[in-house]
Amino acid sequence: MKAIVVTEQAAGTAGMKLVDRPEPQASINDVVVRVHASGFVPTELTWPSTWTDRLERDRTPSIPGHELAGVVTALGYGTTGLSVGQRVFGLADWYRDGTLAEYVAIEARNLAPLPGDVDFTVGASLPVSGLTAWQGLFQHGRLQAGQSVLAHGAAGAVGSMVTQLAREAGAHVIGSGRAADRQTVLGFGANEFIDLDNDALEDIGKVDLVFDVIGGDVQKRSAELVRAGGTLVTIVGPAEARPSDGLAIDFVVEADRAQLREIVQRVRDGRLRTNIGNVSIFDDAVAALNPTGRRKGNTIIRVRP
């Protein structure tokens, strides 16, 4: 099968190569999926799991990409809940070969059924951004209706999901970004927009929840805006700053079938819009994953036309 591999961490995305690899086999509780569309998160190439296994042994050349939508072609021993020929989407394990390939072996529990009226490209754009937003807001942030949320990077793949899900939950959302992002952020449902380059972040006052995708100085300043009993949730590693009278939680997104079902249903009924910035065919994937300009939204690779 054709697959994209990486071998050197220092090379980053420039070190990606399209090669031939053996088709994967399904282990216990696995399925093999014929990948139709795959998503890629640029920070993957900085994660230890891309380069080593759980025992810290080198596992290169490794196949990156962890979001997928496709069709089940084989079941491993003991696998239940899915069937051959079923359309699925989901999130592959960080420590296993990923989804930038024609086939992937993946634990069945990491997948959810993909309804027939949802395109594979849309399905592949949902797992990382959708689950990250859902888990940060509701599991870790315990968001309630009537609360206020500061969503950083609200024009991006994760931030736009945070904005939409928080608004649907009845929150007042303040989205941040660059000046050029204003209409995009408001279009995704933010009540207010703050330009991080030109506006004073502190002018927004206190909020119940900060969803941080930036870190650094922005995170430190944002921690001071969390009101008593509120939460700062971050996905960029351990929090460098903590609210004076609240929680700071960092987390890594996890696959969850029930949450994937909730997310895709919201797409089907129009409550949730995807944020796909670029779609490329597989043969052009290496170039697409090495953009010369700023990334906007998800980059999706159509592995099958």
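1. The buried residues of α2 are P127, V128, S129, G130, L131, T132, A133, W134, Q135, G136 and L137; buried means under 20% relative accessible area, exposed over 50%, and partly exposed in between (1.4 Å probe, protein chains only). These make up 11 of the 14 residues of the helix (residues 127-140), so α2 is largely enclosed by the rest of the structure. Helices (H or I, at least four residues) and strands (E, at least two) are DSSP runs, numbered from the N terminus. Just after α2, R142 has a positive phi of about 50 degrees.

2. On the source: this is a predicted model, in which local features need pLDDT of at least 70 and side-chain atom pairs count only at pLDDT 80 or more, while totals for chains, interfaces and linings use all residues. Residues are numbered from 1 along each chain as its sequence is written, and side-chain values use heavy atoms, with hydrogens and water left out.

3. Helix α6 (residues 257-268) packs against α2: the two axes come within 10 Å and cross at roughly 110 degrees. The helices are therefore roughly perpendicular to each other. Contact (heavy atoms within 4.5 Å) is made by P127, G130, L131, W134, Q135 and Q139 of α2 with Q259, L260, E262, I263 and R266 of α6. Five of these residues are nonpolar, four polar and two charged. Here Ala, Val, Leu, Ile, Met, Phe, Trp, Tyr, Cys and Pro count as nonpolar, Asp, Glu, Lys and Arg as charged, and the others, Gly among them, as polar. Axes are lines fitted to C-alpha atoms, for helices over the stretch in contact, with angles from 0 to 180 degrees between N-to-C directions. Angles under 35 degrees count as roughly parallel, over 145 as roughly antiparallel, 65 to 115 as roughly perpendicular and the rest as oblique.

4. Within α6, R266 and E262 are four residues apart, about one turn of the helix, and form a salt bridge with the closest N and O atoms 2.8 Å apart. The criterion is a side-chain nitrogen of Lys or Arg within 4 Å of a carboxyl oxygen of Asp or Glu. R266 is buried at 11% relative accessibility, whereas E262 is partly exposed at 38%. Salt bridges with shared partners join E168, E262, R266, D269 and R271 into one network.

5. The count of salt bridges is 17. One of them pairs D30 with R96 at 2.7 Å, N to O. D30 is in strand β3 and R96 in the loop between β5 (87-91) and β6 (103-107), 66 residues apart, so the pair links distant parts of the chain. D30 is buried at 1% relative accessible area; R96 is partly exposed at 25%.

6. Q164, in helix α3 (residues 157-168), is buried at 7% relative accessible area. Its side chain reaches the backbone nitrogen of R273 at 2.7 Å. Leaving aside neighbours within four places in sequence, Q164 is in contact with F188, R271, L272 and R273.

7. Some backbone angles deserve a look. Most residues other than glycine have a negative phi, and most peptide bonds are trans. T60 and P61 are joined by a cis peptide bond, with omega about 0 degrees; P61 lies in the loop between β3 (30-39) and β4 (67-75). E56, in the loop between β3 and β4, has a positive phi near 65 degrees and is exposed at 68%.

Note on methods. Polar contact = N/O pair within 3.5 Å; in protein donor to acceptor, adjacent residues only side chain to side chain.
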